[in-house]
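Subject: Structure handover and notes

Hello,

Here is the structure for you to look over. My notes follow below it.

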Amino acid sequence: KWQHRNPDVRQLEVENLENPEILSEIAQNDEAAQVRQAAVQKINELDLLAQIARQDADSGVQELAKQRLKTLLCAQTDGCPALDARLTWLKQTTDAEVIAYIAKQGHEIELRLAAISQVAHEEVLGDIAINDRKSDVRFAAVDKLTQKSILERVVKAARHSDKRISRFAREKLDQVIEQMERPTRVLAECE
């Protein structure tokens with residue numbers, strides 16, 4: 001029935017399928033986007049979901065594949081791959097949106113820390129430094145911060161909720177200010 005002419009029949013049949021090879025075939029090759037979407041919702045293979053998210057002709061299928069990928073990577077659903085597989089996949093990706101999502105939403109501390117090591121956007125790091133539920137993760141985010149405005153935001157936001165983070169961010173901020181002012185002082189001393 002999954003090869004039926006009518007896409008509605010194929011979609012219903014996909015919802016009952018469990019065979020990963022057939023689901024993979026349907027998700028990549030069915031002519032109807034609704035059928036591909038139904039297949040994507042049942043796929044647990046990270047590389048395949050990433051490929052579909054990049055290459056599918058339909059933006060709805062792409063978005064669903066990316067959301068499914070993020071959900072599996074963060075262990076927010078049943079059937080997600082083991083932590084080691086997710087960490088390995090994370091180390092190989094360059095998708096900034098997925099990395100940021102994992103850094104903010106990952107279930108395991110180890111996963112969030114690994115994602116933070118790959119995050120390049122200071123705003124994301126600032127949000128994590130302020131909002132993450134574990135201090136180790138907040139410290140790792142602050143440690144990567146280099147922008148004065150983001151450090152100031154963290155100092156201000158954490159001042160009353162987490163004094164250790166606020167103090168650490170203040171120390172980093174002082175270092176950044178020192179580095180910004182050093183060339184001016186050196187020039188003044190030379191004159």
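Where is the place of Cys74? Cys74 sits in the loop between H5 and H6. Please keep in mind that this is a predicted model.

**Cysteines**

Cys74 counts as buried, at 1% relative accessibility. Beyond residues up to four places away in sequence, Cys74 touches Arg86, Tyr101, Ile102, Gln105, Gly106, His107 and Leu111. Ile150 is another matter: the C-alpha atoms of Cys74 and Ile150 are separated by 26 Å. Those two residues are 76 residues apart along the chain.

How many disulfides does a search of the whole structure find? The search finds zero. A disulfide is a covalent bond between the sulfur atoms of two cysteines. For Cys74, the closest cysteine sulfur is in Cys80, at 9.6 Å, which is too far for a bond. The cut-off for a disulfide is 2.5 Å between the sulfur atoms. Cys80 is in no disulfide either, and the nearest cysteine sulfur to Cys80 is that of Cys74. Cys80 counts as partly exposed, at 26% relative accessibility, whereas Cys74 is buried.

**The nonpolar core**

In soluble globular proteins, nonpolar side chains tend to be buried together. Here the largest nonpolar core has 53 residues. Which of them touch the most other members? They are Val14, Ile52, Leu69 and Ile102. Helix H4 (residues 46-55) gives the largest share of this core, six residues.

Take Ile102 from that group. Leaving out residues up to four places away in sequence, Ile102 touches Leu73, Cys74, Leu90, Leu111, Arg112 and Ala115. Among these contacts, Leu111, Arg112 and Ala115 are buried residues of helix H8 (residues 109-116). Ala114 and Ile116 of H8 are buried as well. What do the buried residues of H8 pack against? Their partners are helix H5 (59-73), helix H6 (83-92), helix H7 (96-105), H9 and H10.

Ala141 lies in helix H10. Ala141 is buried, with a relative accessible area of 0%. Setting aside neighbours within four places in sequence, Ala141 is in contact with Ile116, Leu125, Ile128 and Ala129. Ile116 is one of the buried residues of H8.

**Two aspartates in loops**

Is Asp132 buried or exposed? Asp132 counts as buried, at 8% relative accessibility. Asp132 is in the loop between helix H9 (122-131) and H10. The side chain of Asp132 makes a polar contact of 2.9 Å with the side chain of Arg112. The Asp132 side chain also reaches the backbone nitrogen of Lys134, at 2.9 Å. Not counting residues up to four places away in sequence, Asp132 touches Ala103, Arg112, Asp127, Val137 and Arg138. Arg112 is also touched by Ile102.

Asp56 lies in the loop between H4 and H5. Asp56 counts as buried, at 10% relative accessibility. Which backbone nitrogen does the side chain of Asp56 reach? That of Asp58, at 2.8 Å. Beyond residues up to four places away in sequence, Asp56 touches Ala27, Arg36, Gln51, Val61 and Gln62.

**Rings and charges**

A pair of aromatic rings is described by the distance of the centres and the angle of the planes. The count here comes to one aromatic pair. Phe139 and Phe168 form this pair, at 5.4 Å centre to centre and 45° between the planes. The pair is tilted. Phe139 lies in helix H10 (residues 135-144) and Phe168 in helix H12 (residues 163-190), so the pair ties together parts that are 29 residues apart in sequence. Phe139 counts as partly exposed, at 22% relative accessibility.

The charged end of Lys70 sits over the ring of Tyr101, 4.9 Å from the ring centre. Tyr101 is also one of the residues that Cys74 touches.

**Toward the start of the chain**

His4 lies in the segment before helix H1 (7-16). His4 is partly exposed, with a relative accessible area of 37%. Leaving aside neighbours within four places in sequence, His4 is in contact with Val9 and Arg10.

Best wishes

Conventions: Residues are numbered from 1 along each chain as its sequence is written. This is a predicted model: local features need pLDDT of at least 70, side-chain atom pairs count only at pLDDT 80 or more; totals for chains, interfaces and linings use all residues. Side-chain values use heavy atoms; hydrogens and water are left out. Rings of Phe, Tyr and Trp (its six-membered ring) pair if their centres lie within 6.5 Å; planes under 30 degrees apart count as stacked, over 60 as edge-to-face and the rest as tilted. Helices (H or I, at least four residues) and strands (E, at least two) are DSSP runs, numbered from the N terminus. Buried means under 20% relative accessible area, exposed over 50%, partly exposed in between (1.4 Å probe, protein chains only). A charge sits over a ring if NZ of Lys or CZ of Arg is within 6 Å of the ring centre and within 35 degrees of the ring normal. Contact means heavy atoms within 4.5 Å. A polar contact is a pair of N or O atoms within 3.5 Å; within protein, one must be able to donate a hydrogen and the other to accept it, and residues adjacent in sequence count only if both atoms are side-chain atoms. A nonpolar core is a set of buried Ala, Val, Leu, Ile, Met, Phe, Trp, Tyr and Cys residues joined through side-chain atoms within 4.5 Å.
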